[in-house]
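Here is a quick tour of a few spots worth a look in this model. Open the structure alongside and follow the headings.

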Amino acid sequence: MSAATDTEILVIGGGVIGLSAALRLADEGREVTLLEPNEPGSGASYGNAGTIAEYAIIPVGTPAVLRNLPDLLFSRVSPLSVRKAALPTLFPWLLRFAYESLPGRMRRNVAALAPLLAEASGGWHELSAQIAADDLFRHNGCVYAYTSMRDFRAAQADIALRGTHGIAQELLSSDDLSRLEPHLPPFEGGAVLFPDAMSMTDPGEAMRRLAVAATRAGVRILPRRAVRLERQSARVRVTTPEGALTARRVVIAAGAHSRALVAQAGERVPLDTERGYHIEFDMPTPLLSRPVSPTSRGFYMVPMQGRLRIAGLVELGDLAAPANARRFAQLEEGARTFFPDLGKPDRTWLGFRPSMPDSVPVIRPVRGAPEVILAFGHGHLGLTLAPVTARIVGDLVAGRTASG
């Protein structure tokens with residue numbers, strides 16, 4: 001093992017959160033080293049639905065989800081499921097999730113998410129220009145579509161709640177949606193258009209440009225995996241298989257892999273893993289012009305560069321188990337409901353979302369240890385909240401007032 005190497009700030013994790021934070025810190029004149037054992041941005045930051053979802057203030061856990069939780073978790077076709085083999089270890093998380101789904105807790109969680117999400121689009125306007133990625137963004141909104149009037153009526157409380165937080169929403173009839181997206185079949189319940197929402201045509205390419213920008217800003221990216229974190233008198237020592245590094249500050253932004261490192265830093269957090277899936281169909285001309293989510297299905301249909309991506313589902317489980325073929329089949333069957341002439345998927349993907357029971361990301365120092373900063377737990381909102389998280393991390397490092 002080589003001798004310890006010093007750096008001012010060590011960022012653990014090279015997904016969109018870690019890369020954005022590292023770039024922000026480097027721009028503020030910090031010496032930054034980033035550890036990422038895989039290709040930077042190749043995990044959940046690549047495989048998501050590509051939406052900058054500033055409208056997504058409703059947490060996963062709600063009273064409606066709580067009422068239907070047993071059916072949701074154990075139905076073979078539910079958009080929310082649990083790997084039965086993981087149930088014993090997931091049980092404490094599920095109890096906390098049920099608690100966070102109570103009406104008062106849900107309102108509290110909405111109040112925590114809404115101000116973070118209010119900054120998301122502005123943050124991405126700035127960041128996309130900085131990393132020369134403006135060409136990868138659409139600015140024509142995103143759609144929640146309802147297959148039945150019953151689904152639309154069930155969504156009224158969420159629509160009203162988003163309205164109280166100032167989120168722009170346009171109610172569309174079935175005919176309105178057909179005019180907007182003529183390749184879709186009729187949706188009896190109509191839809192909600194979020195006109196201010198942005199989306200990416202190629203999240204993987206956006207991550208590549210983000211990594212290039214970070215490197216050009218002076219961030220040293222090392223292909224290493226952090227296996228041990230030790231707080232010392234004035235520094236933090238991080239051990240990797242290739243050697244140890246010490247830093248004045250460490251930012252834990254390792255997504256679903258963060259929990260063990262946080263425990264080593266002296267704190268426990270109720271972080272677990274959501275296994276997210278996508279399938280893709282190559283096509284020269286998109287069938288859609290913007291992301292559309294049939295809400296009862298729990299996925300997005302997203303036009304991307306040269307392909308249609310069907311992304312989503314929530315499968316609670318672990319990091320080690322192989323992909324569940326039933327989830328790919330579920331996405332494929334769902335896609336064919338709306339586009340019957342699709343061929344076989346050209347590729348499939350499984351990734352891991354860092355999931356908190358309250359859907360609120362953890363962006364703060366370790367309690368009693370300001371030299372270790374936590375930046376993970378974004379669930380479905382990692383891509384959306386990356387610039388906001390980077391701003392908060394920068395504020396924490398500089399000692400400026402920050403929330404999170």
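## A loop alanine with positive phi

Let's start with Ala132, which sits in the loop between H7 and strand S5 (137-138). Keep in mind as you look around that this is a predicted model. The phi of Ala132 is near 55°, a positive value in a residue that isn't glycine. Is Ala132 buried or exposed? It counts as exposed, at 54% relative accessibility, since the cut-off for exposed is over 50%.

You'll find Ser359 in the loop between S18 and strand S19 (362-366). With a relative accessible area of 14%, Ser359 is buried, because anything under 20% falls in that class.

## H1 against H14

Two packed helices are described by the angle between their axes and the distance between the axes. For helix H1 (residues 16-27) and helix H14 (residues 382-398), the axes come within 8 Å and cross at roughly 40°. That angle makes H1 oblique to H14. As for handedness, the crossing of H1 and H14 is right-handed.

Which residues make the contact? On the H1 side they are Val16, Ile17, Ser20, Ala21, Arg24 and Leu25. H14 brings in Gly382, Leu383, Leu385, Ala386, Thr389, Ala390, Arg391, Val393, Gly394 and Val397. Sorted by class, the contact of H1 with H14 has ten nonpolar, four polar and two charged residues.

## H1 against H7

H1 also meets helix H7 (residues 120-130): their axes come within 13 Å and cross at roughly 75°. So H1 is roughly perpendicular to H7. From H1, the contact uses Val16, Ser20, Leu23, Arg24 and Asp27, while H7 supplies Trp124, Glu126, Leu127 and Gln130. The class count for H1 with H7 is four nonpolar, two polar and three charged residues.

## A serine across from Val16

Ser42 and Val16 are 26 residues apart in sequence, and their C-alpha atoms are 9.2 Å apart in space. Ser42 is found in the loop between strand S2 (32-35) and helix H2 (44-47). Its relative accessible area is 35%, so Ser42 is partly exposed.

## H13 and what covers it

Does the length of helix H13 (residues 325-338) agree or disagree with what its residue count predicts? At 1.5 Å a residue, its 14 residues should span 20 Å, and the end C-alpha atoms are 21 Å apart, which agrees.

The buried residues of H13 are Arg327, Phe328, Gln330, Leu331, Glu332, Gly334, Ala335 and Phe338. What covers these buried residues includes a set of strands: S4 (80-82), S14 (272-282), S15 (292-294), S16 (299-304), S17 (307-317) and S18 (347-355).

Last stop: Glu100, found in helix H5 (residues 87-100). Glu100 has 1% relative accessibility, so this glutamate counts as buried. What does Glu100 touch, leaving out residues up to four places away in sequence? The list is Gly61, Arg105, Met106, Arg108, Asn109, Pro357 and Asp358.

Key:
Residues are numbered from 1 along each chain as its sequence is written. This is a predicted model: local features need pLDDT of at least 70, side-chain atom pairs count only at pLDDT 80 or more; totals for chains, interfaces and linings use all residues. Side-chain values use heavy atoms; hydrogens and water are left out. Axes are lines fitted to C-alpha atoms, for helices over the stretch in contact, and angles run from 0 to 180 degrees between N-to-C directions. Helices (H or I, at least four residues) and strands (E, at least two) are DSSP runs, numbered from the N terminus. Angles under 35 degrees count as roughly parallel, over 145 as roughly antiparallel, 65 to 115 as roughly perpendicular and the rest as oblique. A crossing is left-handed if the near helix is turned anticlockwise from the far one by less than a right angle, and right-handed if clockwise. Contact means heavy atoms within 4.5 Å. Ala, Val, Leu, Ile, Met, Phe, Trp, Tyr, Cys and Pro count as nonpolar, Asp, Glu, Lys and Arg as charged, and the others, Gly among them, as polar. The expected span of a helix is 1.5 Å times one less than its number of residues. Buried means under 20% relative accessible area, exposed over 50%, partly exposed in between (1.4 Å probe, protein chains only).
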